[in-house]
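Visitor: Here is a model to go through. I would like each label set against its definition.

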Number of protein chains: 2
Amino acid sequence: MKSQLKRGTLELCVLSLLWRGDCYGYELVNKISDVMQITEGTIYPLLKRLKDNRTIDSYIVESQEGPPRKYYTITDLGRTLKEEQEEEWYSFSEAINKLLKGDGTV
Amino acid sequence: MKSQLKRGTLELCVLSLLWRGDCYGYELVNKISDVMQITEGTIYPLLKRLKDNRTIDSYIVESQEGPPRKYYTITDLGRTLKEEQEEEWYSFSEAINKLLKGDGTV
DNA sequence: ACAAGGTACTTTGTAATGCAAGGTACTATG
DNA sequence: CATAGTACCTTGCATTACAAAGTACCTTGT
């Protein structure tokens with residue numbers, strides 16, 4: 001059940017992290033799982049969707065500590081989407097908070 | 001896409017409204033759609049799930065202004081779940097906000 | 001009486017997506 | 001060489017918001 005809450009926000013989380021700097025997939029998994037429980041099975045398909053979308057792009061970097069890393073970088077389109085989704089998130093979460101508190105609005 | 005955000009929170013919204021007093025389905029649709037766009041096709045199946053769950057219960061009341069209304073009332077189990085989900089929502093939304101703002105945590 | 005519109009409920013099917021589970025392959029360490 | 005850690009990817013399932021369509025009742029205007 002809890003997993004349902006993540007829907008729609010995970011994409012924003014990824015865009016937000018990439019907005020601050022390129023990351024590879026495994027790194028994103030680690031960073032995000034500090035904040036909420038997720039696994040690779042969630043992130044890799046999401047990254048693929050975002051790449052198909054042209055929201056992000058990728059490039060390979062060799063590593064001496066293991067297999068090569070696929071770094072992701074946010075595109076201009078991605079930046080636009082990130083701004084939009086951030087707006088949406090804030091207004092949505094405020095609406096929920098308002099409803100939960102039962103301010104006159106409802 | 002926006003619809004994805006609602007996942008997991010709609011149930012909490014319904015429980016929260018019923019926590020404050022019994023409502024019939026159509027009334028819930030109207031109250032919630034003040035805050036976010038939803039339709040009957042979303043609420044009625046949800047109410048059915050919650051009833052199967054024993055989270056809520058229902059009773060029929062005749063109406064002079066149209067067809068009889070099916071009022072829903074929250075059960076003790078429902079109250080417990082509402083408290084839990086409310087907690088979850090607050091901690092989840094704060095975690096997202098923290099990630100979006102890029103506080104040291106990530 | 002009858003059409004139109006609002007109230008109220010229900011069901012069916014579809015799309016989106018988080019996640020478990022399984023797989024590949026490389027490097028370093030014991 | 002076995003194990004563990006890093007890093008990637010794919011398949012299939014479960015959940016759930018929602019469009020669409022249908023039923024049935026009451027009120028109001030003509």
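Visitor: What makes β2(B) and strand β3 of chain B a pair?
Guide: Two strands pair if DSSP finds at least two bridges between them, and in this predicted model β2(B) and β3 (residues 69-74) have six, in the antiparallel sense. Therefore they count as paired. Strands here are DSSP runs of E of at least two residues, helices runs of H or I of at least four, both numbered from the N terminus. Within this pair, B:Val61 stands opposite B:Arg69.

Visitor: Why are β1 and β2 of chain B at the edges?
Guide: The open sheet runs in the order β1-β3-β2. β1 (23-24) and β2 (56-61) each have a single partner strand, so one side of each lacks a neighbour in the sheet.

Visitor: How do you know that A:Trp89 is in contact with chain B?
Guide: Contact means heavy atoms within 4.5 Å. Leaving aside neighbours within four places in sequence, the contacts of A:Trp89 include B:Leu5, B:Trp89 and B:Phe92.

Visitor: What is meant by the buried area of about 3400 Å² between chain B and chain A?
Guide: Buried area is the accessible area (1.4 Å probe) that two parts lose on being put together, summed over both. Here 71% of it lies on carbon and sulfur atoms. On chain B, α1 (2-6), α2 (9-19) and α5 (76-101) each supply at least two residues of the side touching chain A; α5(B) gives the largest share, 13 residues.

Visitor: Which conventions apply?
Guide: Residues are numbered from 1 along each chain as written, with chains lettered from A and ligands numbered from 1 in written order. Local features need pLDDT of at least 70, side-chain atom pairs count only at pLDDT 80 or more, totals for chains, interfaces and linings use all residues, and side-chain values use heavy atoms, without hydrogens and water.
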